[in-house]
Amino acid sequence: MKLIHTALTALVVSPLLMGLAYADDHKPSACLITKTDTNPFFVKMREGAEAMSTEMGMDFKSFAGRLDGDHQTQVQAIETCIADGADGILLTASDTSAIVSAVEQAREAGLLVIALDTPLDPIGAADATFATDNFRAGELIGAWAAAQLGDEAANAHIGMLNINVSQPTVGVLRNQGFLTGFGIDTGDVNRWGDETDPRISGQDLSNGNEEGGRDGMENLLLMDPMINVVYTINEPAAAGAYQALKAIGREDDVLIVSVDGSCTGIADIRDGVIGATAQQYPLLMASKGMEAIYHWAQEGKKPMTTPGKAFFDTGVSLVTDSPAKGVESISVKKGMDLCWG
Amino acid sequence: MTQNPLNSQNSDGPDTGSHASFDQQRTGMVYRIQHLLHTNPALVPLVVLVVSIAVFGMLLGSKFFSPFALTLILQQVQIVGIIAAAQSLIILTAGIDLSVGAIMVLSSVVMGQFTFRYGLPAEISIFFGLVCGALCGMISGLLVSRLKLPPFIVTLGMWQIVLATNFLYSANQTIRAHDIEEIAPLLQFFGYKISIGNAVFTVGVLFMIALVFVLGYALKYTAWGRHVYAVGDDIEAAKLSGVKTERVLLSVYMLSGLICGFAGWALIGRIGSVSPTAGQLANIESITAVVIGGISLFGGRGSIIGSLFGALIVGVFTLGLRLLGADAQWTYLLIGVLIIAAVAVDQWIRKASV
């Protein structure tokens with residue numbers, strides 16, 4: 001009987017002792033909440049964050065919505081992270097304005113909230129934003145396309161394949177950036193569709209995937225069969241658009257530009273499917289974000305922004321094998337070394 | 001002369017004695033139309049399709065009303081059309097299948113990964129992809145027919161399971177069109193084009209049309225087809241009449257899975273690449289096409305050709321409104337209106353006496 005008493009006491013006391021032992025040893029912990037976990041961009045982000053957490057000795061949990069636009073799951077994930085005692089949250093928001101109330105809750109509870117890739121609306125709702133300058137990404141490919149056409153840029157027939165009907169910030173920034181880089185007046189720079197330049201043959205949606213890219217390109221070609229420049233929101237849409245052009249035999253007559261810099265996309269540039277792409281760096285976003293949370297947990301230090309910008313610019317490079325004068329670019333080989341996915 | 005109540009109302013009328021018949025108790029244009037639609041369920045979507053093509057043709061002229069544009073619509077709806085054929089079979093048995101899109105994507109991923117990861121010849125990979133589709137259908141079919149679980153719940157679960165399997169197996173990897181073209185062009189077979197003047201047909205479009213007609217023939221003129229309708233209309237009565245309902249249900253789900261496998265093959269032809277994130281909305285789009293096509297969600301009535309018309313109606317509206325420059329939301333709004341109108345018409349037709 002005494003043995004059983006002793007054993008039971010030991011069983012009850014040992015976790016308390018263990019708890020005391022670990023009390024001084026609190027590992028910084030971070031949460032990553034992405035839009036989905038099926039888009040390779042977010043998969044890469046998660047892998048980068050996970051690798052960083054192992055390197056820095058942090059606890060790490062990841063969450064994702066079921067699909068792009070799933071706001072509810074992200075709210076629940078933020079609440080879970082607060083309850084879990086996380087030090088910080090890395091977030092790619094599906095609904096950049098609706099998520100603000102949950103983010104405020106987290107900040108009030110002492111968590112550092114960093115928006116990755118997609119700025120919140122307003123941008124100051126997060127403690128920091130680590131993102132690609134999507135406007136600059138669009139500008140680079142727009143300037144490149146105009147330079148490639150040379151004098152013919154004045155008579156270009158441009159088709160635009162955007163993301164989806166709700167005009168998210170990433171879509172608007174890249175679209176308006178492209179037009180600015182090409183030299184076309186954007187009208188209201190906060191939305192697409194209000195431009196009056198006759199060089200824009202049409203704008204359609206692609207939902208950022210191959211099927212949408214193909215459908216959208218076919219629709220644009222019906223509106224103007226002589227389109228010779230195509231802006232695409234990302235590389236899967238570009239791949240779909242290429243198939244539509246190939247179906248009518250015009251794949252060599254049309255310049256396709258895109259944004260992303262995935263390994264699949266860079267391979268498409270090498271094979272002549274896409275003319276140029278603006279490469280972004282999700283791994284860098286994730287690793288810098290994890291570093292920032294570490295410093296916040298250990299020292300209470302908040303991350304800095306890039307001078308002159310409201311966010312920390314993780315960089316963007318134009319990748320192409322046909323460099324254009326006046327537009328800085330890197331080669332496809334270098335793009336392959338830096339690619340993600 | 002005694003009045004035999006079994007004779008027609010008019011006791012002086014001829015003695016028909018050859019077979020039982022019902023008298024048309026009511027006459028009038030409305031009831032004749034109702035009766036006509038009851039016997040030819042695909043007529044309503046056909047009329048809507050023809051009228052919508054005419055209206056858009058008038059508004060847009062030759063930009064819309066050209067062989068190129070009209071066959072383009074066929075190409076744009078070919079994937080949904082093939083899946084809608086599979087969905088029609090299930091809905092005719094008073095079921096519903098939410099997993100059709102996931103089965104399609106998994107089949108296409110199997111075809112791609114077997115070729116590129118294991119180095120198998122394209123023909124073998126395609127075969128395994130089709131088998132995979134039929135297998136998924138079989139699992140749903142067994143759960144519905146043997147365990148008598150509701151199809152909505154079964155296919156809801158299968159949708160999640162098959163989709164997750166797809167992402168886990170493919171590791172989110174897209175196989176590029178360029179690589180497929182070089183190494184296994186047979187995977188893109190359904191994308192091959194046949195041009196007649198300005199009209200362009202792909203193998204996928206021809207397959208979709210052939211599939212619908214073959215299934216239509218089978219449903220109308222074979223015993224199996226009759227049994228499918230019987231099971232959908234009243235499964236208890238069918239069982240009591242000697243129909244092997246469990247086997248019929250299993251065969252329908254397996255056939256549907258196989259058709260989704262073919263849809264996966266056609267998907268590779270359409271987008272050129274193997275993408276695990278494709279076809280996310282295929283289940284909703286196929287149900288939309290089937291409902292607008294006049295097939296009753298309560299089972300047992302409707303023509304599979306109607307689902308082809310339903311898919312085409314959605315395609316016509318989408319392209320027509322796009323060319324008119326309308327906001328994409330108008331398309332979604334009108335599709336919603338069409339769905340409700342189709343179900344309302346279906347309810348009205350059901351009231352016909354025979």
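This passage walks through the two chains of a predicted model, their contact, and a few residues worth a look. In this predicted model, local features need pLDDT of at least 70 and side-chain atom pairs count only at pLDDT 80 or more, while totals for chains, interfaces and linings use all residues. Residues are numbered from 1 along each chain as its sequence is written, and chains are lettered from A and ligands numbered from 1 in the order in which they are written.

Chain A comes first. There are 11 helices and 12 strands in chain A; here helices (H or I, at least four residues) and strands (E, at least two) are DSSP runs, numbered from the N terminus. The C-alpha trace of chain A spans about 95 × 35 × 35 Å along its principal axes. Of its 341 residues, 55% are buried, where a residue is buried if 20 or more other C-beta atoms lie within 10 Å of its own, exposed if 12 or fewer, and partly exposed in between, with C-beta atoms placed from the backbone. Among contacts in chain A between residues at least 6 apart in sequence, 70% join residues at least 24 apart; two residues are in contact if their C-beta atoms, placed from the backbone, lie within 7 Å.

Thr118(A) sits in the loop between strand S4 (112-116) and strand S5 (128-131) of chain A, and it is buried because 22 other C-beta atoms lie within 10 Å. Not counting residues up to four places away in sequence, Thr118(A) touches Thr92(A), Ala93(A), Thr96(A), Ala131(A), Thr169(A) and Val170(A). Ser101(A), by contrast, belongs to helix H4 (residues 100-108) of chain A and counts as exposed, because it has 11 C-beta neighbours inside 10 Å. From C-alpha to C-alpha, Ser101(A) and Val75(A) are 9.1 Å apart in space and 26 residues apart in sequence.

Turning to chain B, the model shows 14 helices and two strands. The C-alpha trace of chain B spans about 85 × 55 × 35 Å along its principal axes. Buried residues account for 47% of the 354 in chain B. Of the contacts in chain B between residues at least 6 apart in sequence, 76% join residues at least 24 apart.

Helix packing in chain B can be described through two pairs. The axes of helix H5 (residues 122-145) and helix H11 (residues 245-271) of chain B come within 7 Å and cross at roughly 150 degrees; axes are lines fitted to C-alpha atoms, for helices over the stretch in contact, and angles run from 0 to 180 degrees between N-to-C directions. H5(B) and H11(B) are therefore roughly antiparallel to each other, given that angles under 35 degrees count as roughly parallel, over 145 as roughly antiparallel, 65 to 115 as roughly perpendicular and the rest as oblique. By class, the contact of H5(B) with H11(B) has 17 nonpolar, 10 polar and one charged residues; Ala, Val, Leu, Ile, Met, Phe, Trp, Tyr, Cys and Pro count as nonpolar, Asp, Glu, Lys and Arg as charged, and the others, Gly among them, as polar. In the second pair, helix H4 (residues 100-116) and helix H12 (residues 282-292) of chain B pack at an angle of about 125 degrees with their axes 6 Å apart, so H4(B) and H12(B) are oblique to each other. Here Val100(B), Gly101(B) and Met104(B) in H4(B) meet Ala282(B), Asn283(B) and Ser286(B) in H12(B).

Finally, the contact between the chains takes 26 residues from chain A and 24 residues from chain B. H7(A) gives the most to the side of chain A that touches chain B, with eight residues.
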